[in-house]
Amino acid sequence: MKETPPIRQRFNKVADMTMHEAVTNKRVEGAIERMNDRFAKCEPALAQSRYRDLLTRQGSSPELRPSYAQGDSSNRMWKAAKQMVRYEHLHRLNKIRNVGERIIGRRRDEMGR
C-alpha cells in the first residue's frame, strides 16, 4: 500500500476544513504567536522571579553544602528557574491549543500532530 507524503496529508486536512475550522485555527495560531512574542520579552523577568522564589524556598546557605561538592548551587537553581518558566509557557500554549480544538470539535490525535 502506497503511503502519501506528510505534506500531502497535511494539505488534504487543511483543504477539508470548514470555514469555521479555518478561522478558529487562524485565531489559535495568532494567539500562540502573540504568546511567544510576549514570552520572549518577559522571559528574563519571569526567570528572575522564579529564581527568587527558589532561593526563598531552598535557601543558599554554604554551610549545608558538603566540602567535596563542586559547582555553585545558585547556578543549578538558575537553570531550574529557566526550565520551570519554559515549562509553564508550554503549558499555557497547550491550553490555548486545546481550547481551539474543543471549539472546532476535534481531539488532538485526530489532527495528526
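Among contacts in the protein between residues at least 6 apart in sequence, what percentage join residues at least 24 apart? In this predicted model, the share of such contacts that join residues at least 24 apart is 70%. The secondary structure against which this value may be read consists of three helices and zero strands, and the pattern along the sequence is accordingly written α-α-α. Of the 113 residues, 19% count as buried, while the accessible surface of the protein comes to about 9,300 Å², with 53% of that surface belonging to carbon and sulfur atoms.

Helix H3 covers residues 73-104. With 32 residues, H3 reaches 47 Å from its first C-alpha to its last, a span close to the 46 Å expected at 1.5 Å a residue. The buried residues of this helix are Met77, Ala81, Val85, His89, Leu93, Gly100, Glu101 and Ile104. An α-helix has 3.6 residues a turn, so residues three or four places apart point the same way. Met77, Ala81, Val85, His89 and Leu93 are among the buried positions of H3, and two of these residues, Ala81 and Val85, are also touched by Arg50. Just after H3, Gly105 takes a positive phi of about 95 degrees.

Side chains of opposite charge can pair when their charged atoms come close, and the structure holds two salt bridges. In one of them, Glu43 is paired with Arg86, with 3.3 Å between the closest N and O atoms. This pair links distant parts of the chain, since Glu43 belongs to helix H2 and Arg86 to helix H3, 43 residues apart. Glu43 counts as partly exposed, its relative accessibility being 21%, and Arg86 is likewise assigned as partly exposed, with a relative accessible area of 37%.

A salt bridge is also formed by Arg50 and Glu88, for which the closest N and O atoms are 2.4 Å apart. Because Arg50 lies in helix H2 and Glu88 in helix H3, the pair ties together parts that are 38 residues apart in sequence. The side chains of Arg50 and Glu88 are also listed as making a polar contact, at 2.4 Å. Arg50 is found in helix H2, which spans residues 19-58, and is classed as buried because its relative accessible area, 18%, falls under the 20% cut-off. Glu88, by contrast, counts as partly exposed, at 27% relative accessibility. When residues up to four places away in sequence are not counted, the residues touched by Arg50 are Arg57, Ala81, Met84, Val85 and Glu88.

A pair of aromatic rings is described by the distance of the centres and the angle of the planes. The count for this structure comes to one aromatic pair. That pair is formed by Tyr51 and Trp78, whose arrangement is edge-to-face, with 5.1 Å from centre to centre and 80 degrees between the planes. Here too the pair links distant parts of the chain, Tyr51 being in helix H2 and Trp78 in helix H3, 27 residues apart. Tyr51 is buried, with a relative accessible area of 15%, whereas Trp78 is partly exposed, with a relative accessible area of 26%.

Note on methods:
Residues are numbered from 1 along each chain as its sequence is written. Side-chain values use heavy atoms; hydrogens and water are left out. Helices (H or I, at least four residues) and strands (E, at least two) are DSSP runs, numbered from the N terminus. Buried means under 20% relative accessible area, exposed over 50%, partly exposed in between (1.4 Å probe, protein chains only). Contact means heavy atoms within 4.5 Å. Accessible areas come from the Shrake-Rupley method with a 1.4 Å probe; for residues, only the protein chains shown count as cover. A polar contact is a pair of N or O atoms within 3.5 Å; within protein, one must be able to donate a hydrogen and the other to accept it, and residues adjacent in sequence count only if both atoms are side-chain atoms. A salt bridge is a side-chain nitrogen of Lys or Arg within 4 Å of a carboxyl oxygen of Asp or Glu. Rings of Phe, Tyr and Trp (its six-membered ring) pair if their centres lie within 6.5 Å; planes under 30 degrees apart count as stacked, over 60 as edge-to-face and the rest as tilted. The expected span of a helix is 1.5 Å times one less than its number of residues.
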